[in-house]
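The structure comes first, and the notes follow by topic.

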Amino acid sequence: MKKEDKIIRYTAPERINHWVTAFCFLFVAISGLGFFFPSFNWLMNIFGTPQLARILHPFAGVLMFCSFILMFFRYWHHNLVTRDDILWAKNIHKIAQNQEVGDTGRYNFGQKCVFWGAILLLLLLLVSGVVIWRPWFAPYFPVPVIRLALLVHSFAAVALIVVIMVHIYAALWVKGTITAMVEGWVTSTWAKKHHPRWYRELQQKRSQNE
Ligand code: HEM
């Protein structure tokens with residue numbers, strides 16, 4: 001492939017940031033499912049012993065939150081909803097048939113929903129997680145508050161797992177997307193097809209710098 005066909009989408013620090021978040025997510029999701037469903041109790045052993053999983057789960061959760069916050073400040077302005085996103089959402093049936101709709105910028109409406117869904121659910125998980133964190137914080141809260149926090153934590157966790165499953169499916173489904181987060185680049189054909197406005201903006205910047 002010619003060098004000019006490759007477009008940088010993520011720098012190395014951005015990719016490290018993403019994969020730290022993703023690995024923390026896998027750790028907390030797997031250990032959390034292990035705590036929650038008796039039929040999944042065996043998942044607690046994936047990281048050594050159930051005791052170790054129980055100790056590390058909240059720390060990994062806090063690390064995931066902090067890592068995602070860095071991503072949040074990097075990308076929030078690319079995830080603001082525009083008029084083209086409404087068009088995209090109304091034509092979701094065409095998107096499902098692999099057609100493109102609207103003048104999509106750096107991210108499409110589906111990606112924006114994942115982004116805002118993730119920050120909302122991570123906030124709920126952090127706050128409820130602190131309330132139920134024994135032995136450090138839970139003793140400071142009354143039992144009804146701990147019960148409510150357990151409910152919120154469980155629902156937010158299941159919702160985040162579903163959101164991330166959609167995110168992974170979309171990343172694998174749209175051919176050429178995985179290299180963006182693994183090696184940092186996409187092809188110009190990919191950019192023109194899936195994110196035409198982002199591609200034009202890059203071309204404009206490039207011609208201004210020449
Ligand atoms: C575990 C497996 C995961 C895979 C295979 C994966 C894959 C990817 C890929 C390929 C991209 C680039 C998409 C593009 O630029 O068009 C991406 C972007 C992104 N990922 Fe992941 N990801 C995973 C987990 C996560 C998790 C756990 C989170 C957050 C909790 C997350 C949050 C994001 C965000 C915020 C972006 C930037 C897109 C945006 O701002 O809308 N990812 N991911």
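Thr 21 sits in helix H1, residues 12-36 (helices are DSSP runs of H or I with at least four residues, numbered from the N terminus). The model is predicted: local features need pLDDT of at least 70 and side-chain atom pairs pLDDT 80 or more, while totals for chains, interfaces and linings use all residues. Residues are numbered from 1 along each chain as its sequence is written, and side-chain values use heavy atoms, without hydrogens and water.

**Thr 21**
- Thr 21 is buried at a relative accessible area of 9% (buried is under 20%, exposed over 50%, partly exposed in between; 1.4 Å probe, protein chains only).
- Beyond neighbours within four places in sequence, Thr 21 contacts Met 64, Ser 67, Phe 68 and Met 71 (contact: heavy atoms within 4.5 Å).

**Iron site**
- His 18 (NE2) and His 167 (NE2) are the protein donors of the ligand's iron atom, 2.0 Å from it (donors: N, O and S atoms within 2.8 Å of the metal, or 3.2 Å for Na, K and Ca; water is not among the atoms, so sites may look incomplete).
- His 18 belongs to helix H1 and His 167 to helix H6 (residues 143-173), so the pair ties together parts 149 residues apart in sequence.
- His 18 is buried at 13% relative accessibility, whereas His 167 is partly exposed at 33%.

**Annotated spans**
- An unreviewed UniProt entry places "transmembrane region" at residues 20-43, 55-73, 113-133 and 145-172; such annotations may be inferred rather than shown by experiment, feature names are shortened, and positions follow the numbering used here.
- Residues 20-43 are 71% helix and 0% strand, with end C-alpha atoms 21 Å apart.
- Residues 113-133 are 90% helix and 0% strand, with end C-alpha atoms 29 Å apart.

Technical notes:
Helix = DSSP H or I, 4+ residues; strand = E, 2+ residues; numbered from the N terminus.
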